Amino acid sequence: MCSDEIAAMAGFIKQHPRLVVLTGAGLSAASGIPTYRDTSGKWLRREPIQHRQFIELNSERQRYWARSLLGWKLVSEARSNKAHKTLAEWERQGRIELLISQNVDGLHRMAGSNNVLELHGRLDRVQCLNCYRFSHRSDIQLQLIELNPGLWQAVQSSSIDAGPDGDANVDDWDMSKVNCPTCPYCRQQSLKPDVVFFGGTVPKGRVDHCKSAIDRADALLVIGSSLQVFSGYRFCKLAHEQGKAIAAINIGETRADPLLTAKLSLAASPALEAITAAL
């Protein structure tokens, strides 16, 4: 760990007391949730669920719920790590104008952060596309197990190959036999996790909220994200256009590297622990 780089990042934070912090999958890696990409930004996972396919094709909904049956177990049992807790403490100290999380695991709130905007939604709840009511994902899990006992028994003996969005590999199962859950209120098979799938659109209100926070902030700090997806990278572009400083803590490349004022190539937890000690 380079003490000069730690000191430089601590100096960046001291110089910019009102930060917008943008976090990605790398922040939850120490909680046992795998990341999407390697250090060069290359995609590591299988093809993700696409928004349009999920909406239009029952076979894709069957695929999603089969994989989520296993993947939800990993996400629901994950616990906040030191990086989440450090950012919660920074919020209490008044250093964070807004924490924008690209993650859907809810670990920032579990750690005690309150001023959090979950850009891509929350995996712990499900919305009905027919009556628009919300359900707890844990309740839907019980329904999935009851509807698919054979699949549940099969995945119990499987190692969990899950992604940050709770999507796990069970593709050797016959997906045509999967029974999708129904809405507890209207009884329609029209449930969707309250997350933005790939190819989907982040609600305008969320984007505007983030932009307003960047307007008020002194700088933008990115942690644990390669910024390959535009939904997060757009805020780096905005900060740059406003002439505001941008720093990143991330192992490997980020899409915003040419825009950065400072960068620390370390995992989130040890980096934040060292920076806090230097503040």
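1. Phe 54, Tyr 64, Trp 65 and Phe 197 make up one aromatic cluster. The model is predicted. The points below take the cluster apart, then turn to a ring with a charge over its face.

2. Searching the whole structure gives five aromatic pairs. One of them joins Tyr 64 and Trp 65. Their ring centres are 5.0 Å apart and their planes meet at 80°. Planes over 60 degrees apart count as edge-to-face, so the Tyr 64 and Trp 65 pair is edge-to-face.

3. Are these two residues buried or exposed? Tyr 64 has 2% relative accessibility, so Tyr 64 counts as buried. Trp 65 is at 1%, so Trp 65 counts as buried too. The cut-off for buried is under 20%.

4. Tyr 64 also pairs with Phe 197. The geometry is again edge-to-face. Centre to centre, the distance is 5.5 Å, with 70° between the planes.

5. Which parts of the chain does the Tyr 64 and Phe 197 pair link? Tyr 64 sits in helix α3, residues 58-77. Phe 197 sits in the loop between β6 (191-195) and α8 (204-216). The two residues are 133 residues apart, so the pair links distant parts of the chain. Phe 197 has a relative accessible area of 8%, which means it is buried.

6. A separate item concerns a charge and a ring. Arg 125 lies over the face of Phe 134. The distance from the ring centre is 4.5 Å.

Notes
Residues numbered from 1 in each chain as written. Predicted model: local features only at pLDDT ≥ 70, side-chain atom pairs only at ≥ 80, totals over all residues. Heavy atoms only, no water. Phe/Tyr/Trp six-rings, centres within 6.5 Å; stacked < 30°, edge-to-face > 60°. Buried < 20%, exposed > 50% of the residue type's maximum accessible area, 1.4 Å probe, protein only. Helix = DSSP H or I, 4+ residues; strand = E, 2+ residues; numbered from the N terminus. Lys NZ or Arg CZ within 6 Å of the ring centre and 35° of its normal.
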